[in-house]
Amino acid sequence: MDATNDNASKALLPAGMNDTLPPHAAYEASVVEKIMTCFGGHGYERVKPPLLEFEENLLRGPGAAMANQTFRLMDPVSQRMMGLRADITPQVARIATTRLSGAPRPLRLSYAGQILRVKGTQLRADRQFGQVGVELIGADSPVADAEIILMAASALTNLGVSNMSVDLCLPTLVPAVCRDLGLDDAMETHIRAALDGKDAAGITELGTKIGDDNATLFNNLLAATGPVADTITALDALELGRAATEALAPLKAVVSVLQADAPDLVLTADVVENRGWEYHTGVTFTFFTRGVRGELGAGGRYGTSASGGDGDGDSDNEDGIEPATGLTLFMDTLLRAIPAGDTSRRIYLPSGTPRVQGDELRAAGWVTVPALGPASGDTDDDATEAARLGCDHIMVDGKPQPLKLAD
Amino acid sequence: MNIPANEKLVLALPKGRILKEVMPLVHHVGIHPEPAFDDDSSRQLRFSTNIENVDIIRVRSFDVATFVAFGAAHLGVAGNDVLMEFDFPEIYAPLDLDIGHCRISVAEPTELVEGDDPATWSSVRVATKYPAITAKHFAARGVQAECIKLNGAMELAPTLGLCRRIVDLVSSGATLTANNLVEIEVITEVTSRLAVNRAAWKTRPAEINDWIARFRDAVETKSKAA
């Protein structure tokens with residue numbers, strides 16, 4: 001009793017931490033490799049940033065949004081504060097503006113790694129999970145946005161994700177509309193808070209301060225949420241000011257590229273969404289699939305931060321912010337959205353099976369489970385042992401045979 | 001692990017007071033639940049409707065928000081008191097249903113009102129069903145609120161010395177008066193909202209937009225008739 005309790009308490013992990021067991025751990029790794037192979041095939045070269053960075057560099061520019069989700073610890077060596085990455089995108093952006101500042105643009109980079117966050121969210125209790133993603137740095141065209149969306153869509157389709165849809169957002173539109181209407185920052189904050197919850201009643205209430213016509217305009221933007229064709233039609237029917245019309249142009253351009261290149265891709269649009277897009281400067285996108293909670297992946301356009309202060313002195317971009325777009329796939333959600341891994345073709349090799357036969361089977365893609373000693377005699381015992389170890393085949397007379405369980 | 005795609009649309013309705021007010025709207029949009037829904041002796045929790053694709057669940061008002069937030073229900077009816085308390089990022093509230101009118105207020109015993117200067121407070125102890133709203137409300141003016149979470153009968157707390165102030169839903173104010181309490185401040189007005197799960201809206205936009213439009217029509221028709 002005591003021993004059991006002892007073991008049970010040893011098993012307890014901090015909130016949001018998990019052991020991934022067989023076969024899921026191997027399956028996750030194979031899925032990551034498939035995605036990375038797809039990204040690599042599209043010319044995205046892999047980088048591997050470290051787990052820890054100095055806090056002030058990690059949380060600069062695109063990293064600022066993750067400040068309250070970042071674990072900090074003191075570096076006993078340099079006596080400086082370090083942050084444990086809560087997101088890999090800012091690290092890749094830093095690499096692009098520092099060590100790879102001389103590399104030709106557009107620069108295509110990919111990454112896969114684990115991140116750690118201070119708090120889980122409502123939909124994701126995990127505090128550690130895998131991110132697999134790409135960044136396309138130094139290109140400002142809608143074609144670049146579309147390239148990433150299409151590449152991710154094909155990677156997800158190849159993994160067996162069905163009923164996928166891509167939600168396009170434009171976090172720059174609401175600020176532009178506010179500028180057109182001459183609203184101040186404080187009012188913009190109120191408007192965004194209401195729009196984030198799609199709180200139409202909240203916007204209507206603000207009508208007493210910003211004018212009922214303006215409130216109606218924001219509610220019409222809110223109501224334009226839906227299938228992308230409907231959204232564009234609804235937005236075209238609105239009288240938008242100059243800044244808003246300018247802000248809208250990239251979205252329309254991306255949509256027309258996507259519709260031409262992938263007419264079957266299900267697109268929705270939501271031009272008032274701001275949450276999660278704190279550092280973005282243009283079209284953003286989120287991958288959803290029906291029936292799976294949470295997002296499979298998300299990304300969008302942003303500016304890499306100026307790298308001044310890193311002290312390496314080698315950057316030509318120390319003052320410049322480069323246009324960039326990127327995508328991150330969240331492995332925890334993604335693994336729930338794809339069919340379970342194939343666990344068949346696991347074969348038991350009874351004691352005395354020649355080594356070369358095992359080699360041949362492994363070369364042919366089998367998973368071999370060898371006996372460590374002779375079973376107590378006849379094949380039946382071997383079969384029982386094979387079943388006990390989760391094999392579906394057994395080697396009999398030099399040939400694989402499906403395992404038949406005794407009734 | 002693959003969660004099966006939940007193709008049926010689930011509408012979560014709150015038990016109790018709001019249910020009576022919301023049913024005319026639900027009928028107006030064309031949803032008529034099976035007879036067991038109106039049978040008080042029925043133990044059923046999930047009900048089919050005349051629309052094959054739509055089911056109704058009946059849960060406590062706070063749970064409506066939770067069901068919708070996690071996508072277990074796609075649509076729901078919840079007061080903005082509940083939505084504010086949880087502040088779930090996964091819930092959108094695109095429509096004010098103009099029912100269930102009341103307010104969240106701070107109340108305290110009549111004798112406390114005289115000779116109390118709120119500007120001098122650094123902390124207050126408050127009994128409430130809404131610890132998050134209460135803490136946020138007082139924090140905005142630089143006061144820490146030590147919240148005692150109760151699920152009902154808040155009005156008892158001051159009389160029995162649990163704490164001196166309460167934050168609670170007020171509709172007529174009669175309960176407060178009966179317990180010798182005075183409403184000193186309104187935190188927010190409350191109405192019921194149509195709540196929509198974020199992922200459901202993104203993945204089934206045409207369907208969800210259609211239901212929002214139907215509910216909007218129901219609300220407008222009702223307000224014209226009034």
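1. A helix crossing is called left-handed if the near helix is turned anticlockwise from the far one by less than a right angle, and right-handed if clockwise. By that rule, α10(A) passes α11(A) in a left-handed crossing. Helices here are DSSP runs (H or I, at least four residues; strands are E, at least two), numbered from the N terminus.

2. A word on the basis: this is a predicted model, where local features need pLDDT of at least 70 and side-chain atom pairs count only at pLDDT 80 or more, while totals for chains, interfaces and linings use all residues. Residues are numbered from 1 along each chain as its sequence is written.

3. Back to the helix pair. The axes of α10 (residues 228–236) and α11 (residues 242–261) of chain A come within 12 Å and cross at roughly 145° (axes are lines fitted to C-alpha atoms, for helices over the stretch in contact; angles run from 0 to 180 degrees between N-to-C directions).

4. Which residues meet between α10(A) and α11(A)? Val228(A), Ile232(A), Leu235(A) and Asp236(A) from α10(A) touch Leu248(A), Lys252(A), Val255(A) and Gln259(A) from α11(A), with contact meaning heavy atoms within 4.5 Å. By class, this contact holds five nonpolar, one polar and two charged residues (Ala, Val, Leu, Ile, Met, Phe, Trp, Tyr, Cys and Pro count as nonpolar, Asp, Glu, Lys and Arg as charged, the others, Gly among them, as polar).

5. Finally, the domains: chain A is divided into domain 1 (21–337) and domain 2 (346–402), with bounds from an automatic or database domain assignment. The C-alpha centres of these two domains of chain A lie 49 Å apart.

Technical notes: Chains lettered and ligands numbered in written order. Heavy atoms only, no water.
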